[in-house]
Amino acid sequence: MEYAIVFLPLLGSIISGFFGKRIGIYLSQILSSSLVLISGFFSLFIFYQVFNEGYYSNKLIFNWISSGNFNVNWSIYIDPLTSVMLVVVSIISSIIHFYSIGYMSHDPHKTRFMAYLSLFTFAMLTLVTADNFLQLFFGWEGVGLCSYLLIGFWYKKPSANAAAIKAFIVNRVGDFGFAIGIFLIFLFYGTVNYNEVFQQTPSIVQKEIIFLGIQFNLLTLICFMLFIGAMGKSAQILLHTWLPDAMEGPTPVSALIHAATMVTAGVFLLVRCSPLFEYSETALNIVATIGMITAFFAASVALVQNDIKKIIAYSTCSQLGYMFFAVGIGAYHVAIFHLFTHAFFKALLFLGSGCVIHAFKDEQDIRLMGGVWKKLPYSYALMIIGTLALTGFPLLSGYYSKDAIIEFAYLKGNTIGYYACAVGIITALLTAFYSWRLIFKTFHGKYNNKKENISSIHESPYMMLIPSAFLAAGAIFVGISFKEMFIGENNTDFWNNSILFLNSFHHTYPPTWLVMTTPIIVTLSIPISYYLFLINEKILKDIVAKNQSLYNFLLNKWYFDEFYNLIFVRTIKKIGLFLWKKGDINTIDRFGPDGMSRLVKNISNKVVNFQSGYLYHYAFVMLIGFSILLTYFILY
Amino acid sequence: MNFPILSAIIFIPLIGALFILITGGNPKNVEKNSKNVAIFSSLANFLLSLFLWFVFDKNISDFQFVEEKKWIDGFINFQIGVDGISILFILLTTFITPICIFSGIQSIKFKIKEFLIAILVMETLMLGVFCSLDLVIFYLFFEGGLIPMFLIIGIWGGPKRVYSAFKFFLFTLLGSVLMLVAIITIYWLTGTTDVIKLLDTRIPSEYQYLLWLGFFTSFAVKMPMWPVHTWLPDAHVEAPTAGSVILAAILLKMAGYGFIRFSLGLFPVASDYFTPFVFTLSIIAIIYTSLVALMQEDMKKLIAYSSVAHMGFVTIGIFSLVKQGLEGSIIQMMSHGLVSAALFLCVGVVYDRYHSRMISSYGGIINIMPKYAFVFMIFTLAALGLPGTSGFVGEFLVLVGVFQKNIIVAVLASLGIIFAAAYMLWLYRRVIFGRLTNSEIKDMKDLNNIELYIFASLVFLILFFGFYPEPLLNTLDVSINNLIENYNTNLNFHIAKSNN
């Protein structure tokens with residue numbers, strides 16, 4: 001069964017990729033979607049077994065690399081953590097497969113799209129089922145590749161191509177750190193298998209090493225390097241710039257890869273490595289800090305963006321920040337719980353926005369929408385559910401997971417915990433504002449689109465709505481249903497040994513005011529945003545006019561892209577050009593082979609002059625030679 | 001076994017070349033016959049070398065299938081043999097040569113008979129390099145390889161072929177002379193040029209440094225290492241596709257093989273002493289040429305520069321003297337042999353159709369050549385070392401190995417994997433993606449069947465060894481262990497001696 005879960009999507013990918021045109025486009029779409037769905041059912045079954053019987057397995061597929069003591073296998077490893085990820089990946093992936101059949105109905109390259117989606121699912125599954133760091137790395141780069149291919153799916157658009165390359169290269173920067181982490185692990189543990197590494201960890205806690213001339217605690221350094229990889233994949237601040245651009249890809253891709261699954265791989269990695277992180281207070285603090293900054297930064301940028309998908313992308317970035325600081329304060333299970341609920345409601349938001357974009361014939365600017373909630377009742381309902389869940393409206397999924405993060409931050413009881421708690425609450429407020437701004441601008445107010453007549457706006461086909469409805473159900477119910485199991489009193493029954501908790505929490509129960517704060521803020525924000533964004537827009541306009549520079553700062557995403565462009569892209573191109581023109585051509589060649597041949601030519605030209613043909617020249621040279629010889633003999 | 005299988009493998013191509021030479025009559029028949037002979041002899045040779053791999057005993061560290069013929073009494077013996085390291089290079093050579101022949105048949109328009117002879121002679125010489133167990137024989141094969149390559153560039157090359165051919169010749173000649181001097185010195189010191197005997201002889205450490213440098217110069221030029229790499233881009237640009245393929249896939253590997261077999265085997269003290277020097281040059285090569293590759297406008301030059309960067313990984317892997325590093329560098333050479341061959345063939349495909357190597361001439365090719373776009377993508381990914389391709393296995397093992405020896409070198413080299421992604425993906429984007437803007441290329445045909453089979457075989461091997469490199473690692477295992485053990489005992493012997 002484990003084999004089926006992992007390899008059915010690959011089979012689907014191969015069939016629709018190579019034989020799609022031959023067996024018929026429709027059939028291949030249905031086939032690849034069904035194969036992923038079967039894989040989803042099997043995952044649910046495994047999840048049930050893990051939950052019920054404490055099922056655990058580690059199946060060896062075959063040996064990958066063995067060189068000396070470096071031994072790595074292809075394997076399928078099932079533990080509670082993996083089983084959760086299996087469900088998230090395969091279930092959401094199958095829903096999005098079916099949705100794509102509707103969404104891509106006008107695209108000429110349907111089979112290619114399906115092949116990429118299934119290939120992505122396969123890569124993601126190999127990532128979560130790895131029992132060693134190298135297979136994890138394989139899946140890690142594999143999902144990166146699929147993300148690259150899917151962002152650049154519409155290869156005729158230059159912006160899509162640029163975004164695809166950017167995504168790949170920024171991720172490579174993260175992977176560079178990740179790889180160094182793996183090297184360090186191998187160097188000091190002599191293995192890259194999880195179990196062996198985790199077992200040995202307590203014995204090397206105190207070890208210090210010199211790395212690039214600076215003394216580090218070994219474990220902190222390893223954790224930090226792994227974290228750089230996680231930052232790249234999960235779009236944390238500094239390495240986040242690729243995620244908003246990745247919205248150039250088709251919307252189902254944004255839902256699956258850039259919201260629900262791939263970007264959460266970083267969180268998965270950190271939780272998987274909890275047996276390492278738990279021993280390094282410093283590393284955890286770094287994670288928490290980066291997570292907090294990201295959560296706040298991305299939410300602030302999302303406030304002023306106008307592209308519907310970019311708003312949701314920044315929102316994803318911000319929610320990932322929540323997951324990271326949850327990890328940073330040692331609440332791994334809460335991070336995974338938020339990952340789990342977030343996958344449903346964020347994918348839902350993307351699919352809902354996909355319906356809107358579809359209805360507006362590929363328009364993404366929310367300033368050019370508005371007033372269509374009656375025309376698009378189902379999409380509207382989907383988006384409302386998604387938004388409520390995202391903002392943490394009581395009783396929906398996001399409420400349970402996000403509030404849990406804020407509460408656990410408080411429970412932590414140290415400085416960083418309190419900071420995290422405060423940032424969590426502020427960001428929740430910002431989240432509510434930008435989410436409702438999106439809803440009101442898109443569905444309420446005046447109809448602002450000049451290209452399309454309002455009468456031509458139609459609801460999306462059922463092929464898109466029904467899969468989204470499943471996600472909506474998830475967004476409503478998964479929080480309440482899985483709360484006890486994931487983060488309840490007896491959560492260790494479920495997690496078993498897959499997560500290590502060493503650091504205890506300072507408080508046992510959060511105070512009542514804290515439990516009440518966020519839901520109240522979130523609920524109040526709805527009427528406030530309604531007032532600000534619809535009834536009285538003048539207030540906001542005044543604020544913007546007074547703080548023009550702040551507004552531009554946010555609108556331009558804190559100028560990260562411009563900064564990187566200046567520092568890295570242009571500088572590197574200049575250096576490359578300099579090395580080529582000045583280094584290779586003007587130095588090495590000039591003084592090397594070209595210089596050599598010029599020298600030979602010059603010398604031979606000069607030597608030619610000696611052979612003048614005049615007798616007295618020759619006689620003169622002979623005379624000089626003779627006198628030198630004579631002098632030599634006389635002196636010695 | 002009494003059948004001289006190694007001699008057969010070495011000389012079958014030469015015999016094929018002789019057959020082609022003596023064919024005569026109607027020009028059309030001559031052309032057809034020579035093509036058939038070339039294809040037949042190179043394929044037969046490939047099968048024979050597969051058989052050799054099959055009967056090769058992976059559990060013995062000694063040289064196998066050793067043959068010895070007296071040539072000049074007491075001085076040079078024609079001695080050949082293989083171990084787990086050289087057998088992989090033989091396989092690479094016999095696999096790539098038929099591909100070159102197929103490619104040549106497709107794209108070479110004149111003097112096809114002579115071209116095939118040159119390729120086959122080339123194959124014999126390259127196989128000789130990997131089999132020879134006598135320094136003089138090695139030298140003859142190693143330098144002999146220059147001549148057919150020189151001709152291939154000089155006759156069938158592009159407009160600036162003469163400049164390139166001479167540049168190639170000048171650089172390599174410089175190294176060769178020094179290596180010859182070193183070989184003569186070794187004979188003068190030890191009284192033999194027999195490699196098996198020399199591996200057990202301890203060459204006095206005070207001589208090792210200069211001898212090492214003599215060999216190093218020659219290998220560094222062929223590798224090529226920075227700063228003696230500038231002949232490679234020019235040679236590639238002017239060489240016909242088949243020439244580029246041989247050059248990148250096999251000729252460069254002779255130097256890597258030489259480092260492993262001779263520099264490490266004969267001069268451990270000097271190798272140990274010069275390791276930081278090699279590391280420095282390799283790191284410069286990786287970073288410097290990656291940056292230069294980024295800015296290239298000519299597809300072949302870009303790939304040539306990327307080859308230099310990839311070879312940087314090979315040299316640091318070899319001199320890490322750690323098992324993972326050495327095995328990784330050999331896997332990297334095999335992988336680069338397949339990938340660079342494939343990339344040059346890819347350039348050849350569009351060059352045959354439109355006669356331009358400039359990136360700016362193309363763009364949007366995916367619209368008209370989807371199959372081509374697909375295989376090109378796989379090769380691009382292999383070149384940037386994506387896990388699941390052979391390129392990853394090589395690079396990763398090298399880095400794992402080097403990391404144990406020197407962390408800073410490994411970290412700097414790892415930067416290369418970021419740059420590789422940048423220049424390869426940017427190349428791919430500019431050539432393949434986008435709209436079809438150049439109206440002259442819109443009639444280009446997608447891959448024909450022969451091209452498709454060639455690419456399919458390369459794709460298969462690159463992916464196969466990416467997921468399951470065990471057949472290669474298995475073959476190497478014992479020989480590499482033996483190499484490292486010899487190196488260490490030899491080194492310790494000298495250290496003990498100098499301490500006394």
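This is a predicted model: local features need pLDDT of at least 70, side-chain atom pairs count only at pLDDT 80 or more; totals for chains, interfaces and linings use all residues.
Reader: How many residues of chain B are in contact with chain A?
Author: Happy to start there! Chain B and chain A bury about 5200 Å² between them, and 75% of that area is on carbon and sulfur atoms. On the chain A side, 50 residues take part, and on the chain B side the number is 61.

Reader: Which helix of chain B gives the most residues to the side that touches chain A?
Author: Several helices each supply at least two residues to that side, among them α7 (161–190), α12 (268–294) and α19 (470–499) of chain B. The one that gives the most supplies 14 residues, and that is α17(B).

Reader: How many residue pairs are in polar contact across the interface of chain B and chain A?
Author: Salt bridges between chain B and chain A come to zero. For polar contacts, with both residues at pLDDT 80 or more, the number of pairs is twelve.

Reader: How many disulfides does the whole structure have over all chains?
Author: A disulfide here needs two cysteine sulfur atoms within 2.5 Å. C223(A) is in none, as the nearest cysteine sulfur, that of C273(A), is 7.3 Å away. The sulfur of C131(B) is too far for a bond because the closest cysteine sulfur, in C100(B), is 18 Å from it. Over all chains, the search finds zero.

Reader: Is C131(B) buried or exposed?
Author: Buried means under 20% relative accessible area. C131(B) has 0% relative accessibility, so this cysteine counts as buried.

Definitions and conventions. Residues are numbered from 1 along each chain as its sequence is written. Chains are lettered from A and ligands numbered from 1 in the order in which they are written. Side-chain values use heavy atoms; hydrogens and water are left out. Contact means heavy atoms within 4.5 Å. Buried area is the accessible area (1.4 Å probe) that two parts lose on being put together, summed over both. A salt bridge is a side-chain nitrogen of Lys or Arg within 4 Å of a carboxyl oxygen of Asp or Glu. A polar contact is a pair of N or O atoms within 3.5 Å; within protein, one must be able to donate a hydrogen and the other to accept it, and residues adjacent in sequence count only if both atoms are side-chain atoms. Helices (H or I, at least four residues) and strands (E, at least two) are DSSP runs, numbered from the N terminus. Buried means under 20% relative accessible area, exposed over 50%, partly exposed in between (1.4 Å probe, protein chains only).
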